[in-house]
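The following exercises are to be worked with the sequence and the model side by side. Each task is followed by a solution in steps.

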Amino acid sequence: MALCDECRYNTFDEESEEYYCDLALDEDEYVRLLEETGKGKSCRYFIKDLGEYGIVRKQN
């Protein structure tokens, strides 16, 4: 999923050396997310990651 690369919830796990979605979903929400993305719909939980200094840029 291309959006995952830019998502705030995309987290790197140093042990497995892989990225994963760090969004806290219950089981039903997770199944719904998988079904929707499998049908080509974009992720409804996507939030663009502004980087380490994103908050500072918003304040200025």
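A salt bridge is taken here as a side-chain nitrogen of Lys or Arg within 4 Å of a carboxyl oxygen of Asp or Glu. The model is predicted, so local features need pLDDT of at least 70 and side-chain atom pairs count only at pLDDT 80 or more, while totals for chains, interfaces and linings use all residues. Residues are numbered from 1 along each chain as its sequence is written, and side-chain values use heavy atoms, with hydrogens and water left out.

**Exercise 1.** Determine how many salt bridges the rule gives, and describe the partners.

Solution. Step 1: the count comes to two salt bridges. Side chains of opposite charge can pair when their charged atoms come close.

Step 2: one of them joins Lys48 and Glu6, whose closest N and O atoms are 3.3 Å apart. This pair links distant parts of the chain, 42 residues apart: Lys48 is in the loop between helix H1 (27–38) and helix H2 (54–59), and Glu6 is in the segment before S1. Helices (H or I, at least four residues) and strands (E, at least two) are DSSP runs numbered from the N terminus.

Step 3: classify both partners by relative accessible area, where buried means under 20%, exposed over 50% and partly exposed in between (1.4 Å probe, protein chains only). Lys48 counts as partly exposed because its relative accessibility is 45%. Glu6, at 41%, is likewise partly exposed.

Step 4: Glu36 and Arg44 also meet through their side chains in a salt bridge, at 2.4 Å from N to O. Glu36 is buried, because its relative accessible area is 17%.

**Exercise 2.** State the order of helices and strands, and describe how S1 and S2 are joined.

Solution. Step 1: the protein has two helices and two strands, and along the sequence these follow the pattern β-β-α-α.

Step 2: S1 and S2 run antiparallel and are joined by four bridges; strands pair if DSSP finds at least two bridges between them. Phe12 has Tyr19 in S2 as its bridge partner, and Asn10 stands opposite Cys21 in S2.

Step 3: the two strands form a hairpin with four residues between them. Glu17 lies in the loop between S1 and S2 and has a positive phi of about 55° although it is not a glycine. Most residues other than glycine have a negative phi.

**Exercise 3.** Which residues form the negative surface patch?

Solution. Step 1: a patch is made of residues with over 30% relative accessible area and no salt bridge; like charges are joined within 9 Å, and nonpolar side chains (Val, Leu, Ile, Met, Phe, Trp, Tyr) within 5 Å.

Step 2: Glu14, Glu15, Glu17 and Glu18 form the negative patch. Glu15 is in the loop between strand S1 (10–13) and strand S2 (18–21). At 77% relative accessibility Glu15 counts as exposed, and Glu17 is exposed at 61%.

**Exercise 4.** Where does Ser42 lie, and is Ser42 buried or exposed?

Solution. Step 1: Ser42 is located in the loop between H1 and H2. With a relative accessible area of 52%, Ser42 is exposed.

Step 2: Ser42 and Leu3 are 39 residues apart in sequence, and their C-alpha atoms are 8.0 Å apart in space.

How values were computed
Accessible areas come from the Shrake-Rupley method with a 1.4 Å probe; for residues, only the protein chains shown count as cover. Lys and Arg count as positive and Asp and Glu as negative; His and the chain ends are not counted. The place of a charge is taken as NZ of Lys, CZ of Arg, CG of Asp or CD of Glu.
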